[in-house]
There are 2 protein chains.
Amino acid sequence: MSAKNIPNRIILPESQVPQQWYNLRADMRTKPAPFLNPGTGEPMRAEELYPVFCEELVRQEMDDDTAFIDIPGEILDYYRTYRPAPLHRAYQLEKALGTPAKIYYKFEGNNTSGSHKLNSAIAQAYYAKQQGLRGITTETGAGQWGTALAMACTHFDLPLIVYMVKGSFTQKPYRRSVIQTFGARIVPSPSDTTDAGRGILEKMPDTSGSLGCAISEAVEKAVTTEGYRYVLGSVLNQVLLHQSVIGLEAKAAMESVDEYPDVVVGCAGGGSNLGGLIAPFMQDKLTGKANPRVVAVEPASCPSFTRGRFAYDFCDTAKITPMAKMYTLGSGFIPRANHAGGLRYHGMSPILSQLYHDGLMEAISCEQTKVFEAAALFSKAEGILPAPESAHAIRGAIDEALLCKESGEAKTILFGLTGTGYFDMSAYEQYLSGTMTDEIPTDEELRAFEA
Amino acid sequence: MSAKNIPNRIILPESQVPQQWYNLRADMRTKPAPFLNPGTGEPMRAEELYPVFCEELVRQEMDDDTAFIDIPGEILDYYRTYRPAPLHRAYQLEKALGTPAKIYYKFEGNNTSGSHKLNSAIAQAYYAKQQGLRGITTETGAGQWGTALAMACTHFDLPLIVYMVKGSFTQKPYRRSVIQTFGARIVPSPSDTTDAGRGILEKMPDTSGSLGCAISEAVEKAVTTEGYRYVLGSVLNQVLLHQSVIGLEAKAAMESVDEYPDVVVGCAGGGSNLGGLIAPFMQDKLTGKANPRVVAVEPASCPSFTRGRFAYDFCDTAKITPMAKMYTLGSGFIPRANHAGGLRYHGMSPILSQLYHDGLMEAISCEQTKVFEAAALFSKAEGILPAPESAHAIRGAIDEALLCKESGEAKTILFGLTGTGYFDMSAYEQYLSGTMTDEIPTDEELRAFEA
């Protein structure tokens, strides 16, 4: 009984691009813990954050009360060039699985940046421009955020310096070229352009870098360069705020065909996509309107939710950032080298960490061979080649659908397909050739990095 | 006076996926010339083509009369997973150019294959499956067709062997992996798996191959393998028929906002995208309903329209295919090694060749540095990184828009954006680093290959 009156793709009209972001914190009973100044142990005041972040973004970061925040016109104009993003009904995948479940996915890879990261990139670039900055810095690991921010900055004619994890810089030359095509300057990290980078190079001259280290460098560069600030593509409250457009559109699109998810599944690295996707559904949970399950899927090789501690920790390796209360594996943690794709951050969004801690969402971890198995199956069925990151959500959704097959339940599953895998073909090659391995950190290893 | 009531993207509802392909030949006064049997010099009969092509596709190939052909339900089901493709209004590009022209582009890169090729791939795979074939063969140059056909074949669980031009095979490992992810077998061409390949390897052991040579190999493999047939992604009448969905949707989308193009611009290699895009507009010209200009843009390094001869020629290098009457540079012609991207076929669709010969369309050629300049400008303005092939159409459209800027005319320009450039970053790197060159064949060189 596949309800064939529901189209394969539900694309809302342009008039339904959300006009406001939804700030999940306004409805949380327990708010996410504030940043702490590592020197004083006191909550950071806005003025202390202004040297690092754009002022308006600091206000958004610290606003636990305003439920809906107007999206400025120039950001809306840009959103309208690629949004609303489609909600797909995965008829082909359902058929391939033989499941009675109804599977929907919100696809955010339909723009050149190839991922959902553009939703926050354009907002952050806009506020930086509004503040009259000379430029901004950031870091990128797998490269999706760097690409998106480069696109956003070129739109506002704003200089951008991207510290790119050296391993990615070397292994993903094409990702690098895309970022450069959009006019950004790339520095492989660790580099000799910062104290943080030089310090790490001295200790580990052959390191291929890490996200935490690239963050240290980008932050240092921003605070030591006149007229520059630092921006970040995940983890922060402001990022989840901007990404709420994903969930708002997904919910509206489902409502347009009289559907509502029993379970919402998203991949989790720093939490940007997951926090955005679940926002309006979590609102329903928090306000008692509905009670969908919410499932985070993270890599077994970087299991911050499932094996981390809920504690204050640094956001970077060099320990120059404020401390955030989050599920963390320790700021020195780096996934093993065989880990492909993104989702390699040691910590997790403070908002999602609090929700998880409060029992409002679940989390599971998946081994990457299982994730790529799901990616290959999905790409053949649905004709979209997913990013390895996104494939974690696919794995989670497929497993839910297979449980439905066993139980005979026709659950409605929604998952977030955050982006495309065009720049991750070397990981696919590993998978196809059978050389991909699963190396899960031991308890002992994790203890060594504990916050 | 940018009519802001026209959205950035016009996406027709799923119910408006065309139910029929439009066969341009039905309205042509002078039909494209038939294939000739090179042995007898007589027009090929259907039965002579059956050993090479699927029977239903032969019927479509030879049908000069039926204007509209029903699209089978299974193909429609697949189309509905990614179609209607969006028609974009290029507000940002118009602004960047400061032109009074209204620029629209039909974007066909919104599926994992990354290009319009999927429109014909799914049709050809369907008919091959219907005929009960054991498998099919094809060739691919830049890789878009191979990717699309691999996706289509995996959907119908149909084995596929792709002869991939050796130069691309080596230079585009990720393109290769995508094709393999979709389950196809790839053979770098020339290879020792065919007489044609062995013959070429004997004469030129170090050759990086050519499209014409890969066609020879794929055809030979098909006719010498039990239960196999050969399929082709461009040039043929059947391919233009399938690709008519591009133009039909583009026209309907423009009509939905009360627009009609003054000029339609498309890139031209073998003619698949151009023929599909212009189909319903050319119908208007042929039936006297309207008279839009139609402009083909081809690479200066492979200028079949602008510097070729309109004559019977072989479709492949080893001269084992039927002869087609078309604009051709000679079946031995290979663009110089510095030519990036696709659009490297020596010939041109017989349909488009006839239309051009009859003065119903124009053609221009562009140097690749100019093409990449347009690609870079477009990607920054519109946020879509175009394939080098597609960028020829962008160049043509920009030049039309700049003429409008001079004349003050607010013309309506429609161009075809056939695909994304994610797998062409090495060409972008060349362009960005200033090492890209324009090497245009001399008259003497062209004479050496003449048909």
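A salt bridge here is a side-chain nitrogen of Lys or Arg within 4 Å of a carboxyl oxygen of Asp or Glu.

Before you go on: this is a predicted model, where local features need pLDDT of at least 70, side-chain atom pairs count only at pLDDT 80 or more, and totals for chains, interfaces and linings use all residues. Residues are numbered from 1 along each chain as its sequence is written, chains are lettered from A and ligands numbered from 1 in the order written, and side-chain values use heavy atoms, leaving out hydrogens and water.

**Exercise 1. Work out what the salt bridge of A:Asp64 and A:Arg25 ties together**.

Step 1: Check the gap, which is 3.5 Å from N to O.

Step 2: A:Asp64 sits in the loop between helix 2 (55-62) and strand 3 (68-70) of chain A, and A:Arg25 in the loop between strand 2 (20-22) and helix 1 (46-49), so the pair ties together parts 39 residues apart in sequence. Helices (H or I, at least four residues) and strands (E, at least two) are DSSP runs, numbered from the N terminus.

Step 3: Look at burial. Both A:Asp64 and A:Arg25 are buried, meaning under 20% relative accessible area (1.4 Å probe, protein chains only).

**Exercise 2. Describe the salt bridge of A:Glu94 and A:Arg89**.

Step 1: Their closest N and O atoms are 2.6 Å apart.

Step 2: A:Glu94 is buried, with a relative accessible area of 8%, and A:Arg89 counts as buried at 2%.

Key. Buried means under 20% relative accessible area, exposed over 50%, partly exposed in between (1.4 Å probe, protein chains only).
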